[in-house]
Each structure stands twice: as C-alpha cells, then as structure tokens.
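Biologist: I would like to learn how to read a structure like this one, feature by feature. Could you walk me through it?

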Amino acid sequence: MTKRLLTGLKPTGEHMHIGNYFGMQIPQMIQYQNSGEYDVFLFLANMHSLTALHDADKVRQYSINALKLYIACGLDPEKTLIYNQAMIPAHAQLTWVLQCLTNMGTAERMHAYKDSINKGKAGEISVGVFTYPILMAADILLYDADVVPVGKDQKQHVEYARDIAEKFNKTFGETFKLPEPKIEETVAVVPGIDWRKMSKSYNNYIGLMDDEKTVLKKVKVIPTDEKGIDDPKNPDESQLYQIMKLFLNEEEDKKIRADFENGGRGYGSLKEELHERIVAFLKPIQERYNELTDEDISSILKKSTPKAAVIAQKKVDEVFQKVWFYL
Ligand code: ADP
Ligand code: TRP
C-alpha cells in the first residue's frame with residue numbers, strides 16, 4: 001500500500017514565509033504528490049487556530065488565503081486530499097479519548113505550554129493551547145499517517161502522537177499506525193533576516209506574498225560580517241548563504257560557494273543575486289494566487305472533506321468499539 005504523508009496547516013493570518021515553505025517541506029510534498037510515492041493529505045487546522053483567534057470572519061479569510069497559497073505553490077487538489085478539519089467530528093471525538101490516556105506530566109512537558117510558563121503567562125493562555133498537541137495527535141492518528149513533515153519545533157508533538165498511539169495499542173489492542181516525524185535537516189531551521197530563526201512572531205521573515213520592494217528591503221538588512229569584496233568568506237558561517245542555498249540547485253550551489261570561498265565578490269553583489277532569485281521564485285506563485293477565487297477554495301473543500309471524513313469516522317468507530325463497546 002502506498003504510504004501516507006499528512007500535514008496540517010494552521011491559518012494564522014500572516015501569509016506563509018519562506019521558513020514555513022521549506023520547513024514544512026512543501027517542495028517535497030509537491031514532488032510526492034506528483035510521483036505518487038506517498039498519498040498526500042493536507043488539512044486546514046482551523047480547530048487549532050481557535051487556540052489563538054476568536055473571530056470567525058478572520059478565521060475564514062485566513063483559511064482561504066492560506067489554502068490559495070498552498071495551491072499556488074503547486075499542491076494540486078486533484079492529487080492531494082485537501083480537507084477541512086472542523087467539519088469532521090472524528091477529530092474532536094478521538095481527542096477526548098487521547099486526553100484521557102495522556103498524563104498531566106506529559107502534557108506539561110509540551111513546549112508551547114512550557115514557553116507560556118517560562119514567560120509567566122500560564123494563567124492567561126487557553127486550555128486549548130495546553131491540549132493542542134493532543135488534538136494534533138488525533139489529526140495524525142485518525143488517518144494512519146506514516147510520515148508527518150514538520151519543522152524541528154513540531155517534532156515533539158509527532159513523537160508524542162507516536163507514544164500515545166503505542167499506549168493505546170498496548171491498552172486496547174492494535175489500532176493505530178505509529179507515525180514518524182519527517183524533518184529535512186538541511187532546512188530544519190531557516191534563519192530570518194536577523195540572527196534568529198525565521199518566524200512571524202519575530203517579524204524577521206520574507207513572506208511568500210511580499211512584493212519586490214519589500215523583499216529588497218529585507219534582503220538588505222540580512223546581517224553579514226566585515227569582510228570586503230576580495231576577502232575569502234566562509235559560506236557555512238554566513239546567514240546570507242543559508243538563505244541563498246534554499247533557492248539553488250546543486251550546480252548553482254557549487255558556484256556560489258566558490259564565490260564566497262575564493263573572494264572577489266562582495267556581500268552587496270551576493271545580496272543582489274539573492275533578491276533576484278527570491279523574486280523569480282515568488283512571481284509565479286503570486287500570479288497563481290491572484291487567479292484563485294474564494295469560491296474555488298470552498299468548492300475544493302466541499303468536495304474533498306467528505307472523503308477524509310469517511311476515513312476518520314472509520315477509525316473512530318474502531319476506537320469507540322475498543323474503549324467502551326457500542327451497545
Ligand atoms: P512561525 O514560527 O512563523 O510562527 P509556525 O509556528 O506557524 O511558524 O510554524 C508553521 C510550520 O512551519 C511548522 O511546521 C514549523 O516547524 C515550520 N517553520 C516555521 N518557522 C520555520 C523556520 N524558520 N525554519 C523551518 N521551519 C519553520
Ligand atoms: N500544530 C501545527 C503547527 O502549529 C499544525 C498542525 C496541526 C499539524 N495538526 C497537525 C501539523 C498534524 C502536522 C500534523 O504548525
């Protein structure tokens with residue numbers, strides 16, 4: 001049977017940035033959907049957005065925008081199953097069962113909650129922020145996902161999904177497949193335009209919908225060292241190179257590394273090239289995005305969500321049968 005690759009997309013408001021794009025391994029997902037190596041499942045994680053956002057109009061618009069962007073990037077709804085989490089009751093149903101199998105200690109170790117404690121904000125976050133890794137485990141386990149492509153910060157959650165699946169299987173009998181996080185080491189952490197990881201919360205990102213001028217402004221502030229044009233430079237210590245290499249094929253990479261190492265090319269010229277490369281990469285995505293309508297997205301979700309619901313409901317039936325027997 002073809003292996004299943006699954007990921008969730010949380011509509012947050014900001015458009016995806018290049019850290020999300022590469023960290024979530026969108027290029028690989030597109031390749032898998034086209035080669036058929038994996039069955040690709042992509043769902044709108046709108047139940048997750050409720051942890052932070054309490055405005056239905058915004059959730060709707062952000063969800064539509066996010067899906068437009070994924071499709072503009074090349075995810076094809078004819079090949080990838082794209083569905084709406086909140087329309088499938090099985091997600092909430094399985095979450096409850098998994099919550100009852102999860103110890104407080106385990107939930108307290110999840111980093112989103114721990115971060116709030118460290119910032120002294122535990123009293124202000126919703127219970128949803130505390131339990132969202134459990135919903136995420138349900139998202140994964142309902143569909144027998146084999147692999148879950150995520151950035152490093154989500155690895156802990158996929159490992160928890162695996163542990164809780166094992167616990168359920170041991171307690172109630174073999175039910176869930178054990179998922180594997182899939183992390184692409186070369187892009188595990190895409191740096192931002194300062195020294196930190198690229199993140200919407202640090203406002204140090206290059207967005208997929210940024211226009212040419214905005215990209216230029218951002219590329220200009222990427223920090224570099226004091227080395228002059230003729231000085232040899234170490235690409236592996238250069239943040240500029242770390243970002244540039246995302247847009248290079250093997251041959252281009254060799255050439256840029258040589259430009260760094262041999263000297264003779266300054267940071268100004270390298271930044272110009274990075275700007276051109278990013279703009280060339282973004283242009284077709286933005287054009288496709290602008291052609292898609294809100295109705296296109298609604299009709300994709302309406303068509304595909306029932307297909308996902310059948311798979312998820314089957315799993316929940318099996319779980320319910322095992323935990324309390326249907327009478
Ligand atoms: P942000 O840090 O901008 O808030 P999210 O937490 O919404 O991003 O992450 C969405 C997805 O993108 C996750 O799978 C996460 O691991 C990935 N991701 C986010 N930022 C980066 C980055 N700088 N490098 C690699 N992956 C990232
Ligand atoms: N929690 C993920 C994020 O913040 C989104 C997500 C929800 C997800 N459920 C998932 C990702 C299941 C992968 C698999 O980005």
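Biologist: Where does Thr-12 sit in the chain?
Modeller: Helices (H or I, at least four residues) and strands (E, at least two) are DSSP runs, numbered from the N terminus. Thr-12 is in the loop that links strand S1 (3-9) to helix H1 (18-23). Please keep in mind that this is a predicted model, where local features need pLDDT of at least 70 and side-chain atom pairs count only at pLDDT 80 or more, while totals for chains, interfaces and linings use all residues. Residues are numbered from 1 along each chain as its sequence is written, chains are lettered from A and ligands numbered from 1 in the order in which they are written, and side-chain values use heavy atoms, with hydrogens and water left out.

Biologist: Is Thr-12 buried, exposed or partly exposed?
Modeller: Buried means under 20% relative accessible area, exposed over 50%, and partly exposed in between (1.4 Å probe, protein chains only). Thr-12 has a relative accessible area of 32%, so it is partly exposed.

Biologist: Which residues does Thr-12 touch, not counting those up to four places away in sequence?
Modeller: Contact means heavy atoms within 4.5 Å. With that sequence limit, Thr-12 touches Tyr-62 and Lys-200.

Biologist: How do I read the pairing of S1 with S2?
Modeller: Two strands pair if DSSP finds at least two bridges between them. S1 and S2 run parallel and are joined by seven bridges, with Leu-5 opposite Val-40 in S2. On to the next strand: S2 also pairs with strand S3 (residues 81-84) in the parallel sense, over four bridges. There, Phe-41 stands opposite Leu-81, and Phe-43 has Tyr-83 as its bridge partner.

Biologist: Why is S2 described as largely enclosed?
Modeller: Strand S2 (residues 38-44) has six of its seven residues buried, so the rest of the structure largely encloses it. As for S3, Leu-81 and Tyr-83 point one way, Ile-82 and Asn-84 point the other way, and all are buried.

Biologist: What about Ala-72, buried or exposed?
Modeller: Ala-72 lies in helix H4 and is buried, because its relative accessibility is 0%. Not counting residues up to four places away in sequence, Ala-72 touches Ile-285, Arg-288, Tyr-289 and Leu-292.

Biologist: What volume does the second largest pocket have?
Modeller: On a 1 Å grid over the protein atoms alone, a pocket is an open set of points where a 1.4 Å probe fits, with protein on both sides within 12 Å along at least five of seven lines; lining residues have an atom within 4 Å of a point. The second largest pocket has a volume of about 350 Å³. Among its 16 lining residues, Leu-44, Asn-84, Met-87, Ser-298 and Leu-301 are the closest to its centre. Helix H4 (56-73) and helix H14 (294-324) each give at least two residues to this lining.

Note on methods: Points joined across faces, edges and corners; volume = space filled by probe spheres on them.
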